[in-house]
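Hello,

Here is the structure I promised to pass on. Please open it next to this message; my notes follow below.

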Amino acid sequence: MMIPYGRQDISEDDINSVIDVLSSDFLTQGPQVPQFEKAISQYCGVNYAVAVNSATSALHIACLALHVGTEDIVWTSPITFAATSNAALYCGAKVDFVDIDPLTFNISVGQLNRKLERTPKNLLPKVVIAVHIAGQSCEMEEIHKLGQEYGFKIIEDASHAIGARHCGSPVGSCKFSDITVFSFHPVKIITTAEGGVATTNDKALFTRMELLRSHGITRNEAFLKNPSHGPWYYEQIDLGFNYRMTELQAALGTSQLKRLDEFTNIRNKIAQRYNSELKTVELPKVSENNYSSFHLYIIQVRNPGDHLAIFNELRDKGIGVNLHYIPVYKHPYYERLGFRDDYCPQAEAYYRSAISLPIYSRLRDTDQQKIISAVNSIKV
Ligand SMILES: *Cc1c(COP(=O)(O)O)cnc(C)c1O
């Protein structure tokens with residue numbers, strides 16, 4: 001059996017919370033989703049949370065709420081899952097990529113600054129999506145300053161980073177951003193099977209995302225354009241989607257959230273063990289102002305020429321290593337949009353050396369030992 005790079009941790013309580021919903025009155029559009037949203041916003045110390053059926057959907061409605069359209073351009077990091085930049089493309093916008101910081105693998109604030117300086121005013125980004133790779137926050141205060149200076153809005157793609165902290169605040173508090181997005185896919189820190197949340201402190205953004213999640217339809221009298229025809233009356237006032245989260249998913253999410261701190265604690269302990277016992281490879285670095293949720297533990301091989309061989313060797317030994325991520329612009333779809341294969345040199349160098357080792361709350365001690373021995377037996 002291959003040790004996977006990540007997997008869910010489901011308890012009896014989690015199972016029972018879902019079973020209870022199955023015999024309740026509502027399978028969708030009941031009390032569980034608002035409860036989950038409230039629990040998330042309390043955890044993050046943020047005013048509003050909108051639960052949806054995936055982080056991809058959350059990114060899409062986040063872009064739409066910020067009025068990203070066909071005249072606009074969105075910048076993000078190339079080292080992310082394609083869903084991050086796809087969200088901007090769904091809105092008809094253009095995307096561009098800013099190279100990464102080789103130490104954190106997050107968007108480089110220096111590169112962002114230089115690119116902003118070089119860009120003509122009419123081609124500046126409307127939104128920058130900061131992706132917190134592996135569970136370590138980007139330098140949000142710096143990015144926020146640049147946002148003030150150049151007039152762009154900020155979405156945090158925190159799909160990896162629920163439970164993480166930055167400068168003492170929980171990721172998701174939106175202290176230095178407009179909207180933060182979380183994913184609850186089973187490989188992430190907590191799961192709802194499929195699901196996502198967008199958090200914000202801005203009431204208008206919250207209202208727009210809530211509307212877009214459910215067809216752009218409202219029954220709220222304050223938003224109706226015409227006089228009500230009767231008690232059945234509702235209006236579609238925008239073009240929205242069915243991006244709703246089910247009651248089953250929300251109940252699972254609320255139950256999982258109770259163990260979030262336990263999960264990140266275990267992930268940090270495993271990371272510390274890897275840090276102290278792994279030899280022969282470069283280890284991930286967490287900056288002083290960050291507490292990482294360690295969704296991923298990314299090592300780098302010292303000689304890129306050995307990358308494929310080492311990756312294969314670890315897989316052969318039953319270790320389900322992975323690579324997060326192929327720089328997004330290298331995908332054929334993005335090549336067709338005009339991106340060169342070697343567009344971001346630091347992202348390319350990262351891609352030639354990175355390997356994600358297994359890390360998750362139920363990773364057994366003996367499996368950790370097996371992983372450490374396999375990495376340490378790499379011939380360099
Ligand atoms: C997982 C992930 C997504 C997409 O999340 P879904 O919930 O599967 O839609 C987006 N961005 C990043 C960085 C991710 O890791």
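Which residue in β7 does H166 stand opposite? The residue is S169. Keep in mind that this is a predicted model.

**The three-stranded sheet**

H166 belongs to strand β6, residues 165-166. Two bridges join β6 to β7, and the two strands run antiparallel. They are part of an open sheet of three strands. Its order is β7-β6-β13, and the pairing is antiparallel. The edges are β7 (169-170) and β13 (290-291). Each has a single partner strand, so one side of each is left without a neighbour in the sheet.

**Strand β9**

Next, β9, which spans residues 196-200. Five of its five residues are buried, so β9 is largely enclosed by the rest of the structure. In a regular strand, side chains alternate between the two faces of the sheet. Both faces of β9 are covered. G196, A198 and T200 lie on one side, V197 and T199 on the other, and all are buried.

β9 pairs with β1 (residues 48-52) in the antiparallel sense, over five bridges. There, V197 is the bridge partner of A51. β9 also pairs with β8, again antiparallel, over four bridges. In that pairing, A198 has V181 opposite.

**Two helix pairs**

Two packed helices are described by the angle between their axes and the distance between the axes.

Take α3 (residues 55-65) and α4 (residues 83-90) to begin with. They pack at an angle of about 40 degrees, with axes 8 Å apart. That makes α3 oblique to α4. The crossing is right-handed. From α3, the contact uses T56, L59, H60 and C63. From α4, it uses A83, T84, A87, A88 and Y90. By class, the residues of this contact are six nonpolar, three polar and no charged.

Now α2 (residues 32-44) and α8 (residues 247-257). Their angle is about 30 degrees, and their axes are 8 Å apart. That makes α2 roughly parallel to α8. This crossing is left-handed. α2 contributes Q32, V33, Q35, F36, A39 and I40. α8 contributes E247, A250, A251, G253, T254 and L257. The contact of α2 with α8 has seven nonpolar, four polar and one charged residues.

**Backbone points to check**

Most residues other than glycine have a negative phi, and most peptide bonds are trans.

- A193 has a positive phi, near 75 degrees, and is not a glycine. A193 lies in the loop between β8 (179-183) and β9. Its relative accessibility is 41%, so A193 counts as partly exposed.
- T280 also has a positive phi, of about 70 degrees, without being a glycine. T280 sits in the loop between α9 (260-277) and β12 (281-282). At 17% relative accessibility, T280 counts as buried, because the cut-off is under 20%.
- The peptide bond from H324 to Y325 is cis, with omega near 10 degrees. Y325 is in the loop between α10 (307-316) and α11 (332-336).

That is what I have for now. The structure is yours.

Best wishes

Notes:
Residues numbered from 1 in each chain as written. Predicted model: local features only at pLDDT ≥ 70, side-chain atom pairs only at ≥ 80, totals over all residues. Heavy atoms only, no water. Axes fitted to C-alpha atoms, helices over the stretch in contact; angles between N-to-C directions. Parallel < 35°, antiparallel > 145°, perpendicular 65-115°, else oblique. Left-handed = near helix turned anticlockwise from the far one by under 90°. Contact = heavy atoms within 4.5 Å. Nonpolar A, V, L, I, M, F, W, Y, C, P; charged D, E, K, R; others polar. Pairing = 2+ DSSP bridges. Buried < 20%, exposed > 50% of the residue type's maximum accessible area, 1.4 Å probe, protein only.
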